[in-house]
Amino acid sequence: MTRLFEYASQAILGLIRRRVLLKSDAIPYLFENVPRRKLLNAILTESSVYFKPLRPWGWPTHLMVEPTNYCNLHCALCPVAKGFERPQGMMDFSMFKKLLDEVGQFIFTLQLWDWGEPFVHPLVYNMIAYAKSMGIKVISSSNGHMFSRKEHAERLVRSGLDTIIFAIDGATQQTYELYRQGGRLETALEGIRQVVSAKNALGSVTPTVNFRFIPMAQNEHEIPLIRQLAVELGVDVLSFKTLNNCQQDPYKDKTEDGSEFFPQQDHFRRFRTSAGGQRIRRRRNPCKQLWNNPSIHWNGNVCACSLDPQDRCVLGDLNHQSFREIWHGAIYRRYRREFREDWNKMPTCGECSYAYQGGSLFCETIAEAVFYPSFGMIPQQSRRGKA
């Protein structure tokens, strides 16, 4: 009840001031002059997260939307590289618009990616602009290759995107390609340089450039080089994210645990382990996503979260239903009931990052975040559990 009381106090202050500060991947996002309808919905949604009714009292406050599941790389451990059972394609802009027209007024942040490289979609900048017109903070992730061309970097900056995560997992080509297979480190770094240059040339404070590094056995010796490289590139944030060695696809071969990628330093390992080296399961799963953050795939399939890359548990289809019908529908209600009664027995939730100590996506999966003066808001270092 203490957490609920703290949230209620913050919510009351937010209603009075119409000002909200949220964090995503350790990066703070400030919302000012927030419509009171949006604030009231957030209170109802967070209350739903706490009490877990089968029919939520509010609408989602966050969305994950997959523009496409095509990718120009073939990263190790990624379902994109291993092959999809579901079709590959591009989301129609009309579907994206339909979704936001229905729920956009309640959304604080839009994560514009899931499985695939979002910036291979020809209308991705239209998507960003439409979401921004509704007061939504838009965050996206990229391997950076698209932005090595100046015109793409300038379009990104002009789009108004709030944050771009550049996934760079090596300071040399030799280590980079062990995970980012098919990629060229220098091309990705040139993409970052072009975006930073475009920001400076256009006098823009956005997007926040988040230089993302996942420490693994093959690259953790390069962390000092990465720190130096981040400064040289002029990025706003350097973030070290822990490797998720849970099953990204819970239906695949259980013998594939990615153990060859585990870093040696405990600080950069995601999960708390027992004396025998086993992950320690949580007694209570802190996941909120069934009540506040659905994942929408390119073809309109609505999933509980991104841990369903193969569309094995589709909760609705925007081609044939409104989001309202899906959100309050029988399939979603049944899924919430199963989660509430025993999430350990669910194939997706039972092997999710949230299921284990250290795996909460709210504050634990970013081992460290370094904010540089160009970021402005918090020019300091945040460490795991405090970000």
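The following questions and answers examine how residues in this predicted model are classified.

Q: Why is Asn143 called buried?
A: The relative accessibility of Asn143 is 4%. Buried means under 20%, so Asn143 counts as buried. This residue lies in the loop between strand E5 (137-142) and helix H6 (150-159).

Q: What makes the pairing of Asn143 and Asn72 a polar contact?
A: The side chains of Asn143 and Asn72 are joined at 2.7 Å, and the cut-off for a pair of N or O atoms is within 3.5 Å. The pair is therefore counted as a polar contact. Leaving out residues up to four places away in sequence, Asn143 also touches others, including Cys71, Glu117 and Tyr176.

Q: Which residues touch the most other members of the largest nonpolar core?
A: They are Ile192 and Phe211, in a core of 93 residues. Helix H8 (residues 185-202) supplies the largest share of this core, with seven residues. A second, separate core has 18 residues, among them Val20 and Trp113. In soluble globular proteins, nonpolar side chains tend to be buried together.

Q: How do you know that Ile192 is buried or exposed?
A: Ile192 has a relative accessibility of 0%. The limit for buried is under 20%, so Ile192 counts as buried. This residue lies in helix H8.

Q: Which residues is Ile192 in contact with, leaving aside its neighbours within four places in sequence?
A: Ile192 is in contact with Phe166, Ile168, Val209, Phe211, Leu233 and Val235. Of these, Leu233 is 41 residues apart from Ile192 along the chain, with 7.2 Å between the C-alpha atoms. Phe211, for its part, touches residues including Ile226, Leu229 and Val237.

Q: Why is Trp57 called partly exposed?
A: Its relative accessible area is 44%. Buried requires under 20% and exposed requires over 50%, so Trp57 falls in between and is partly exposed. Trp57 lies in the loop between helix H2 (36-51) and strand E3 (62-65). Together with Leu44 and Phe51, Trp57 makes a nonpolar surface patch of about 320 Å².

Q: What makes Arg312 and Glu85 a salt bridge?
A: Their side chains meet at 2.3 Å, N to O. The cut-off is within 4 Å, so the pair qualifies as a salt bridge. The two residues are 227 residues apart and link distant parts of the chain.

Q: Why do Arg312 and Glu85 fall into their accessibility classes?
A: Arg312, at 34%, counts as partly exposed. Glu85, at 54%, counts as exposed, because the limit for exposed is over 50%.

Q: Why are Asp101 and Lys97 separated by about one helical turn?
A: The reason is that they are four residues apart in helix H4. Asp101 is partly exposed at 40%, and Lys97 is partly exposed at 32%.

Q: How do you know that Asp169 and Arg180 are buried or exposed?
A: Asp169 has a relative accessible area of 1% and is buried. Arg180, at 12%, also counts as buried, because the limit is under 20%. The closest N and O atoms of their salt bridge are 2.7 Å apart. Asp169 lies in the loop between strand E6 (163-167) and helix H7 (173-179), and Arg180 in the loop between H7 and H8.

Q: How many salt bridges does the structure hold?
A: The structure holds 17 salt bridges.

Note on methods
Residues are numbered from 1 along each chain as its sequence is written. This is a predicted model: local features need pLDDT of at least 70, side-chain atom pairs count only at pLDDT 80 or more; totals for chains, interfaces and linings use all residues. Side-chain values use heavy atoms; hydrogens and water are left out. Buried means under 20% relative accessible area, exposed over 50%, partly exposed in between (1.4 Å probe, protein chains only). A polar contact is a pair of N or O atoms within 3.5 Å; within protein, one must be able to donate a hydrogen and the other to accept it, and residues adjacent in sequence count only if both atoms are side-chain atoms. Contact means heavy atoms within 4.5 Å. A nonpolar core is a set of buried Ala, Val, Leu, Ile, Met, Phe, Trp, Tyr and Cys residues joined through side-chain atoms within 4.5 Å. Patches are made of residues with over 30% relative accessible area and no salt bridge: like charges are joined within 9 Å, nonpolar side chains (Val, Leu, Ile, Met, Phe, Trp, Tyr) within 5 Å. Accessible areas come from the Shrake-Rupley method with a 1.4 Å probe; for residues, only the protein chains shown count as cover.
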